[in-house]
Amino acid sequence: MKKNIMSRSFIIFISAMLMFVLAGCSNAKIKQNDNYVSSVKNLVNDTVNLNRTLKEQQEGFNCHDEEKSRQYISTMDSLADGFQQILKLQATNEFDEYDKSLKTRAKACLQDITKLRSLTGYAVKNEDDTFYQNDKQDIFDKYKSECDAMREISSEIQTYWRNA
């Protein structure tokens with residue numbers, strides 16, 4: 001009888017320990033997902049705000065105005081940094097498809113902002129914005145559509161996680 005009680009107690013103890021371990025793993029994954037969703041939201045919101053600043057600076061860009069040019073280039077550098085941070089995010093398997101789409105868009109945005117940064121730098125250095133003026137609209141149009149798509153993916157990630 002004592003042996004039977006001891007073995008049942010041991011089985012219950014092992015079962016309880018297993019439940020605690022499984023719950024701990026689940027909580028770790030939930031926390032990782034929370035951090036991922038929060039990071040995506042913050043980084044994408046930062047790029048949206050920087051894009052507003054970039055648009056204002058782009059409208060007033062003059063390659064002969066050193067201070068405004070420096071600020072314009074600084075905003076592009078901040079955007080490039082934000083896109084690189086998005087590319088470094090680590091998603092769990094639960095967000096694989098969203099993460100792949102997000103990173104595809106972030107990479108395209110990074111390429112576009114790098115092109116724009118190069119054209120702007122060249123215009124400022126040579127005090128000739130001919131190449132910048134010729135290509136800026138095409139780059140901005142493509143860049144805007146990629147940023148809009150990235151913002152949509154961020155919203156989808158947040159909605160998915162809220163409803164999970």
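In which helix is Phe131 found? Select Phe131 and you will find yourself in helix H4; helices here are DSSP runs of H or I with at least four residues, strands are runs of E with at least two, and both are numbered from the N terminus.

Before we move on, a word on the model. This is a predicted model, in which local features need pLDDT of at least 70 and side-chain atom pairs count only at pLDDT 80 or more, while totals for chains, interfaces and linings use all residues. Residues are numbered from 1 along each chain as its sequence is written, and side-chain values use heavy atoms, with hydrogens and water left out.

**Stop 1: around Phe131**

Phe131 is partly exposed, at 46% relative accessible area. Buried means under 20% relative accessible area, exposed over 50%, and partly exposed in between, with a 1.4 Å probe and protein chains only. Show Leu119 and Tyr122 next: Phe131 touches both, not counting residues up to four places away in sequence. Contact means heavy atoms within 4.5 Å.

**Stop 2: the whole chain**

Zoom out and colour by secondary structure: there are four helices and zero strands, giving the pattern α-α-α-α along the sequence. Of the 164 residues in the chain, 33% are buried. Among contacts between residues at least 6 apart in sequence, 77% join residues at least 24 apart.

**Stop 3: H2 against H4**

Now display helix H2 (residues 66-88) with helix H4 (residues 130-163); they pack at an angle of about 35°, and their axes are 15 Å apart. Those axes are lines fitted to C-alpha atoms, for helices over the stretch in contact, and angles run from 0 to 180 degrees between N-to-C directions. Show side chains for Tyr72, Leu79, Phe83 and Ile86 in H2, which meet Tyr132, Phe140, Tyr143, Cys147 and Met150 in H4. By class, the residues of this contact are nine nonpolar, no polar and no charged. Ala, Val, Leu, Ile, Met, Phe, Trp, Tyr, Cys and Pro count as nonpolar, Asp, Glu, Lys and Arg as charged, and the others, Gly among them, as polar.

The C-alpha atoms of Glu66 and Glu127, 61 residues apart along the chain, are separated by 9.9 Å.

**Stop 4: two residues of H1**

Which residues does Asn33 contact, leaving aside its neighbours within four places in sequence? Select Thr92, Glu94, Phe95 and Trp161 to see them. Asn33 lies in helix H1 and counts as buried because its relative accessibility is 1%.

Gln57 is in helix H1 too, and is buried at 17% relative accessible area. Beyond neighbours within four places in sequence, Gln57 is in contact with Gln71, Tyr72 and Thr75. Tyr72 is one of the H2 residues that meet H4.

**Stop 5: the pocket lining**

Finish by selecting Asn51, Arg52, Lys55, Tyr143 and Lys144, which lie nearest the centre of the largest pocket, among its 17 lining residues. Helix H1 (2-59) and H4 are the elements that give two or more residues to this lining, and H4 supplies the largest share, nine residues. The lining has seven nonpolar, four polar and six charged residues. A pocket is an open set of points on a 1 Å grid over the protein atoms alone, where a 1.4 Å probe fits, with protein on both sides within 12 Å along at least five of seven lines; lining residues have an atom within 4 Å of a point.
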